[in-house]
Amino acid sequence: MTTQTTAPETPSAPAAKAPAGLLPLPEKAARGLALGGSALTVLSTFLAWTWTADFPGDLTVYGYPGGLQVLVLIGALLATLLAVASYGVRGLGRLVPAGPDAALRFATLAAFATTWYTVLSISSELGGLVNLEPGGILAAVASLAAFAGALALPFQRPEPDPIDPDDTGWEKTKHSLGHTWQTTKAVFAGGAPRPVGKLPSYAEILIIVAVLALGLTVFTYGIGTEYDELFIGFLITAGFAFAALNKAGLIAQASQITARHQNITVCGAFVAAALFPFTQTDDQYATLGVYILIFATVALGLNIVVGLAGLLDLGYVAFLGVGAYAAALVSGSPSSPFDVHFPFWAAVLVGAAASLVFGVLIGAPTLRLRGDYLAIVTLGFGEIFRITANNLDGTSGPDITNGSNGISSIPNINVLGFDFGNQHDVGGFTIGRFANYFFLMLIITAVVVLVFRRSGNSRIGRAWVAIREDETAALAMGINGFRVKLIAFAVGASLAGLAGTVQAHVTYTVTPEQYLFAGAIPPNSAFLLAAVVLGGMGTISGPLIGAALLFLIPNKLQFLGNYQLFAFGVALILLMRFRPEGLIPNRRRQLEFHEDAEAPTSLTKAGA
Amino acid sequence: MTTDTTTQGGAAVAPAPGETVLDARGVTMRFGGLTAVRDVDLTVNAGEIVGLIGPNGAGKTTFFNCLTGLYVPTEGEVRYKGAVLPPKSFKVTAAGIARTFQNIRLFANMTVLENVLVGRHTRTKEGFWSAVLRGPGFHRAEKASRDRAMELLAFVGLDHKAEHLARNLPYGEQRKLEIARALASEPGLLLLDEPTAGMNPQETRTTEELVFAIRDMGIAVLVIEHDMRFIFNLCDRVAVLVQGEKLVEGDSATVQGDERVVAAYLGEPYEDAPGAEEVAEVEAAEAGAETTAHAAPGKEND
């Protein structure tokens, strides 16, 4: 509905038109509508939206918002704030360093999409619109009005390309569709944010703390969503609200500030992550937390191999498996053929060393290959590991891994009398089993982040990137390509092994089927690679966020069932089409966009 | 292990003028049945700029690749300061021969400074553990490398663009950056593969000055080029490669005066005989074509 009135095709249209909105409304009325609609949406969340508590989240209460209403409230509050800021109110200008209008459009879209999603799912689940209370209808109308008002705000229309008179009908259709698309993009295009000025460092650190606190809150909320509708609503609101903040220029400014205090940001992020178990009342979501952390850590290790050195490794999960098996074999489990029980530190060393050896063994013959061939061979080795583990069961081969039953009843880690399997009370908070492992895993993640940061920004890291960029030139610069690649492979492998040692204890059991190439449950090789690509290659936060999303989404959207992989594929294709650099573009990419000589992309692309 | 041999090879040891830096003897490169380079001898002395010219497809770049270890010559050997070159290109660079490429091959997504730092790879030896542990030695080496890289960038006039991405540099500056990156490996011999390709006359002149300045640093230069004015201004000696064989070698005047060189470039027949033969051949073919055309219109007799 956003697009039908656009597309002034005639090439003879007056060139210098006054900027106008998508919908024909005077600017003042549009702005008023956006503000009024948003404010009314805020109000409506305090009303009842439906009459029965059958719809999850209890939206029947007057007086305070519940469930999805909270999300709508957040979106609408953001929209109201931005709408007020768009009037040029003093002081609020700081909130919108890149101009308020595009941000306002996204914020109203966030409120509108969440509201309508709620209203529609109430109607469809309870059987018809009659189940809506006036509050729900008010919310729907108000959020629609706000969104319409935001769309009616003037924007810079792209010039239509002249039409070739020889075009066939199909080409003309394509042309007009292309122009419509350009216009739609221009509607949501934001300006360039002004660089953030130098603030006193305490203020900057406070901003970092606030950003991290916000991140922790959003993450905790997302992980704790109890029913499908709430999680989908959460995704809608969070996605569009993030886009709004991005268009407002706040994300760019925040990343500038965090870039100035990198060490503080990294430490702060770990503190924030360490606070996560304290926000949980039971162990249910800490479980998710520790699995996400394992997945994310392995993805980060893979990022060294793929993101820095550019070696496409499709069998990476095997290294996690080697680490897990190694730790399981020396854990004192009754199904392990070795009757030993190593202390945890020794098990970690064994796991990492086993993965290292395995990595070098696989890397030495395969790293002479380039590109696709390497990918295929690593894929093969990943499967070889799994099948070998399956067959070392005493009948097909020596009894080491206990075949497809795996090594089970792996005891909990006990470090200096601290039993990870028991609950502990820390300052009034109960820290359960998974929370214990969460903290342990966090230390491993910290090690991986440290290795990634330090090796990435050094002689060896530059050599990795050089090999990725142009192997022939790198060799001509004196880089021993094979050796450097082998180091990348070995480092990546031992980091995955490190995570594997913890994973073995967390999951109690290690079986070959945990280490597939592709499956519905992360971590597997395909999902690991997807987390890296989705999050942003060569960055630290990218794979962490990518892994969190890739773990949470299938986990929360159980109703997708067999369509999970399909939905995942579609999402990946869309992402590659619209944001090929990943969610978190790395510094080099950012630098690429910060060139002053470059024209804004919307202009250059409109001409093409 | 590669690093101990390097310090001797580096430019830090100023070579005595006249000392032979590069000595290629009887270099032959065959790809299956094709002989791309046949029995080429070439020496480059310290403090010299030597040019290598020839028509397209003469085997210049193949010869270059033989010198830099990208190819291992089928026959013959290449010696750098008396030692036979190792057959791997990274070892050749470590030994002291650096090169640029005909088609610019920068690390496009790295910054200008990082590109030069990569060139320092062979002259530093901080490994993975040093990078992770970050001892004082690491910081010292890193700082020394950065200082040296900035010096080199200043030398080619790119120090103000150190933090730009290499891909965003204009063409001429990319060429300069490639030279700076090659210099960062502290070579005793620099091989330039068409350094002025695609440049305007002004840029060509600055490149010329740059090459002279590099020579004055005590680095011998071997340069492939199609721009004759550039070559004859620049080079102390010029070798001409035609169809994989060295035709002439000498100073500018000798090479410019040699009629075989002119013939190789302009395509004149060496003697009358092939010309007359060709004429006869063409006439015979035409006559034959006429008769066959009359006799059997659809027949292909070639």
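Chain B has 12 helices and 10 strands. Please bear in mind throughout that this is a predicted model. Of the 302 residues in chain B, buried residues make up 40%. If we take the contacts in chain B with a separation of 6 or more, 69% of them join residues 24 or more positions apart.

Let me turn to the interface. On it, 30 residues of chain B are in contact with 28 residues of chain A. On the side of chain B that touches chain A, the elements giving two or more residues are α3 (89-95), α4 (112-119) and α5 (128-133) of chain B. That side of chain B divides by class into 12 nonpolar, 12 polar and 6 charged residues.

I now move to chain A, and in particular to helix α17, residues 481-507.

The partner I take up to begin with is helix α15 of chain A, residues 459-469. The axes of α15(A) and α17(A) are 10 Å apart, and the two helices pack at an angle of about 110°. Angles of 65 to 115 degrees count as roughly perpendicular, so α15(A) is described as roughly perpendicular to α17(A). From α15(A), the contact is made by I460(A), A463(A), W464(A) and I467(A); from α17(A), by G481(A), V484(A), K485(A), I487(A) and A488(A). By class, the residues of this contact between α15(A) and α17(A) are 7 nonpolar, 1 polar and 1 charged.

The other partner is helix α12 of chain A, residues 344-366. Here the axes of α12(A) and α17(A) come within 7 Å and cross at roughly 145°, and the crossing is right-handed. Among the α12(A) residues in this contact are A347(A), G351(A), S355(A), G359(A) and G363(A). On the α17(A) side, the residues include F489(A), A493(A), A496(A), G497(A) and G500(A). The contact of α12(A) with α17(A) has 14 nonpolar and 9 polar residues, and no charged residues.

What of the nonpolar cores? The largest nonpolar core has 186 residues, and those with the most contacts inside it are A488(A) and L189(B). Helix α10 of chain A, residues 284-308, gives the most to this core, with 18 residues. Setting aside residues up to four places away in sequence, A488(A) touches I304(A), V305(A), L308(A), A309(A), L311(A) and W464(A). Another core, of 61 residues, lies apart from the largest one; L68(A), A142(A), V187(A) and A189(A) are among its residues. As general background, nonpolar side chains tend to be buried together in soluble globular proteins.

Is Q514(A) buried or exposed? Q514(A) has 22 other C-beta atoms within 10 Å, and 20 or more is the cut-off for a buried residue, so Q514(A) is buried. Between Q514(A) and Q262(A) there are 252 residues in sequence and 36 Å in space, C-alpha to C-alpha.

The loop between α17 and α18 of chain A is also the place of Y508(A). Y508(A) is not a glycine, yet has a positive phi of about 70°. Most residues other than glycine have a negative phi. Y508(A) counts as partly exposed, with 16 C-beta neighbours inside 10 Å.

In chain B, E186(B) is found in the loop between α7 (171-183) and β7 (189-193). Phi of E186(B) is likewise positive, near 50°. E186(B) counts as buried, with 23 C-beta neighbours inside 10 Å.

Definitions and conventions
Residues numbered from 1 in each chain as written. Chains lettered and ligands numbered in written order. Predicted model: local features only at pLDDT ≥ 70, side-chain atom pairs only at ≥ 80, totals over all residues. Axes fitted to C-alpha atoms, helices over the stretch in contact; angles between N-to-C directions. Helix = DSSP H or I, 4+ residues; strand = E, 2+ residues; numbered from the N terminus. Parallel < 35°, antiparallel > 145°, perpendicular 65-115°, else oblique. Contact = placed C-beta atoms within 7 Å. Nonpolar A, V, L, I, M, F, W, Y, C, P; charged D, E, K, R; others polar. Left-handed = near helix turned anticlockwise from the far one by under 90°. Core = buried A, V, L, I, M, F, W, Y, C linked by C-beta atoms within 7 Å. Buried ≥ 20, exposed ≤ 12 C-beta atoms within 10 Å, placed from the backbone.
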